[in-house]
Amino acid sequence: MTAAALDETSETSDALRVLHRVFGYGSFRGAQQEIIDHVVDGGDALVLMPTGGGKSLCYQIPALVRDGVGVVISPLIALMQDQVDALTALGVRAGFLNSTQDMDERRSVEAAFVAGELDLLYLAPERLRSEATLRLLDRGTISLFAIDEAHCVAQWGHDFRPDYLMLSALHERWPKVPRIALTATATEATHGEIASRLNLKDARHFVASFDRPNIQYRIAPKDDPKKQLLELLRTEHPGDAGVVYCLSRASVEKTAEFLVGKGIDAVPYHAGLDARVRAANQSRFLREDGVVVVATIAFGMGIDKPDVRFVAHLDLPKSVEGYYQETGRAGRDGLPSTAWLAYGLQDVVQQRKMIETSEGDEAHRRRLGTHLEAMLALCETVECRRVQLLDYFGQQSTACGNCDTCLNPPEAWDGTVPAQKLLSTVLRLERERRQKFGAGQIIDILLGKKTAKVIQFDHDTLSVFGIGTELGVSGWRGVVRQLLAQGLLAVEGDYGTLVLTEASGEVLGRKREVLLRREPEKAARAEKTARSSRKSAPVDLPEALLPVFERLRAWRAASAKEQGVPAYVIFHDATLREIATAAPTDLAALGTISGVGENKLAKYGQQILDTLVGAESAPEAPGRAPDAPDEDFADVAEPEESEDPAGEPEPEF
Ligand code: ADP
Ligand code: ZN
């Protein structure tokens, strides 16, 4: 029986009927039903759900069920057009008002709103500052207010937008209209701030599990990050769409250039690019298959492309919240995806320095410090990454089996003696010579290297000279990094010089043991084995079905281009995969597939069936060879032009 047929016969709720008919989905996920029922009944709600959890339906369906127009407040002006296109493709009447429109467009949307000819109206928050907008809203019937990206009201977070503070007044002007605030950011602190600042006193709070089981979290020691990234892309994500985050604009550009040079379809994105170039790059990423965007954190909020297969960080994020949001952009469609971060000593030094020199008062710096420490603890943990991440959001869980520490457990070792040697070297330089040095010089002293700089400063006469030959350079860098992470050592000034902290004394005085993490040797291998079933296929499918899937993708790409909409607006990968597997032969069967609603069935149904018939008779689809050897990435190992020393980070915010 098709979803549509089910509706005729049973006593399904209006909400469930809309889910089937409009969205083509079989059932609600998680708390969706409860949230939707609550809002349909006129209640206020605060919804905390991870990215990809299915927040949009929580306000879209009540807006369709209740009388009037659902008003959605969203900071994402650049994405409103795509959001409206996606709804239009489903047969939902949607419009938006923002500064990108001309007068005529605005007038016609306003008229449609007043006439009750819209189901959903998207508004940028700053619109609500104008009395004209408020009067316009008075002239129509509003079914609900949805406040998307609600964490923008929180100053504790990282996306604060002053205009969001005004949203607390909505309730005074329209006391009968229910409000639903939604966010994917969910520490206790942010949660509380959203509720109080939006004046959501009587709202019901819905807190979903923050787990994203389809994302594999991995944090690798940083060695040669661009090379490591390239290897990841070539071995695990050939032809996949993904996001690469870098801290500075300069490294965004260099990394994008590097990838393009290696044949990867990559585009840069940062706040310093010309607005048109930026928009064009974002649009390519959204509309085409398999584009990699290299970006600063200025990119990504609200990007609801479902088939982002990986998110890679080449620099340490400033907070766990930021990291979780950014990595959460992978795998919204629920298919396997990778979150990969390369992290090294330089990151710690750089971030500490940035905090030290940041504007704002002492309390602000302390807050940044707390954020950084939580991030470092995640990087240095020997426990399951996911357990630690979820714990940060106040949720308990057990080892996941799908993160690097689960797949390839690192060892913890007693590093007290090396820690003492290192701290003692710092101490002696300070006490005996009144000198401070960075990690490089200190490691050279420990290793007993007579470099020019060691000789110049007479450091080979120190009693600690050469006492640390049990470790190599990278071993010592690991020790420095972890001591910094644990607060047993600190960096100071512009040159990243190392200084002792109060806690260093406890280690030197043998009052405290130091546990360190030993990086697993064969990390890369194990990761590969864990994922070898994916090979170069964009989705998990039996090999025989790949040509069919590819034909469907090609059909989708052509239709998307013709209509000027992102490919996922037509169908998601997950839906195409299900179509390839089920191989429906008539429209009724096609209509039962998740993601195929009434409107899309009518519009694309026959084309899909034709594509499937064509695939059957064609011996082999053109293009991708499903079993191309992906082990062969020989030129990854080629010597490369040497790196510039890390440029100054230009944080976006
Ligand atoms: P969020 O806004 O929470 O990040 P979305 O609303 O974009 O998540 O939903 C994530 C994906 O899950 C979308 O592709 C959406 O179509 C899909 N989805 C949401 N709810 C359901 C459901 N009940 N059944 C099937 N797919 C769903
Ligand atoms: Zn795990």
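These notebook entries record what I looked up about a ligand and the aromatic rings in this structure.

**Basis.** I worked from a predicted model, in which local features need pLDDT of at least 70, side-chain atom pairs count only at pLDDT 80 or more, and totals for chains, interfaces and linings use all residues. Residues are numbered from 1 along each chain as its sequence is written, chains are lettered from A and ligands numbered from 1 in the order in which they are written, and side-chain values use heavy atoms, without hydrogens and water.

**Ligand 1.** I found 15 residues around ligand 1, with Y25, G52, S56, R332 and H572 as the closest; a residue is near if one of its heavy atoms lies within 4 Å. I then looked up polar contacts, which here are pairs of N or O atoms within 3.5 Å. An oxygen atom of ligand 1 is 2.5 Å from a side-chain N or O atom of Y25. For G52, a backbone N or O atom lies 2.5 Å from a ligand oxygen.

**Aromatic pairs.** I noted 12 aromatic pairs in the structure; rings of Phe, Tyr and Trp (its six-membered ring) pair if their centres lie within 6.5 Å, and planes under 30 degrees apart count as stacked, over 60 as edge-to-face and the rest as tilted. F285 and F299 have ring centres 5.6 Å apart and planes at 80°, so this pair is edge-to-face. Both F285 and F299 are buried, where buried means under 20% relative accessible area, exposed over 50% and partly exposed in between (1.4 Å probe, protein chains only).

**Cluster.** I also recorded one aromatic cluster, formed by F210, Y217, Y323, Y324, Y392 and F393.

Key:
Polar contact = N/O pair within 3.5 Å; in protein donor to acceptor, adjacent residues only side chain to side chain.
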